[in-house]
Amino acid sequence: MATARAHLGVDIEVATPDGAPVMSMGGLDVSAHLSIDALDPAGFDGLVICGGAIWGTADAPDLGGTIRSFHREKRLVAAICGGVDALASSGILDAIDHTGNSADSLASLRGYHGHGRYRDQPQACSSDRVVTAAGTAPVTFAVEIFRALGLGSPELDGYAALHGHEHAAVTTAA
């Protein structure tokens, strides 16, 4: 969000199930601009769903209708970590390549039939204006979102490469 706002001039609106503030898994208080029910795909370029432990609980909000409406209107839909569960349950991953925390984590979800399109890879996956990523891939997740929004650039490629060096194989002397 910081890169999108500060460096790319992207307007971001935060939505929560009822428009009330929420606390992230990490203890960050997040104020909302609107409720999920107020989201209209015509007014947004995309929908990004954050990860978190809530997606594996009965308290997870049902975003299926919102997700399907954004996808139907050819808007970007993106999710990382547990947020991919919401995409899987909505059915939009059934016919497109996608990734997530693991194939097993998606297999038991009601409404998910995309097993054959799951890609076991460490980087984010982008397919048909849908971006998915494991929780361990925040940099490529952001990069694929920016690309899908038409914000790709040589500088963005350099940003991704810079952060990729952190994950290069490390060899140690015995």
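Tutor: In this predicted model, two strands are said to pair if DSSP finds at least two bridges between them.

Student: What makes β7 and β8 a pair of strands?

Tutor: Three bridges join β7 (residues 125–127) to β8, the two running antiparallel, and because at least two bridges are required, they count as paired. Within this pairing Cys-125 stands opposite Thr-132, and the two strands form a hairpin with two residues between them, where Asp-128 in the turn has a positive phi of about 55 degrees.

Student: Why are both faces of β8 called covered?

Tutor: Buried means under 20% relative accessible area, and Val-130 and Thr-132 on one side, like Val-131 and Ala-133 on the other, are all buried, so both faces are covered.

Student: What makes 37 residues of the lining of the largest pocket nonpolar?

Tutor: Residues such as Ala, Val, Leu, Ile, Met and Cys count as nonpolar, so Met-1, Val-14, Val-48, Ile-49 and Cys-50, which lie nearest the centre of that pocket, fall in this class. The remainder of the lining consists of 10 polar and three charged residues, and the largest share of the lining, six residues, comes from α5.

Technical notes
Residues numbered from 1 in each chain as written. Predicted model: local features only at pLDDT ≥ 70, side-chain atom pairs only at ≥ 80, totals over all residues. Heavy atoms only, no water. Buried < 20%, exposed > 50% of the residue type's maximum accessible area, 1.4 Å probe, protein only. Helix = DSSP H or I, 4+ residues; strand = E, 2+ residues; numbered from the N terminus. 1 Å grid on protein atoms, 1.4 Å probe; cavity = no way out; pocket = protein on both sides within 12 Å on 5 of 7 lines; lining within 4 Å.
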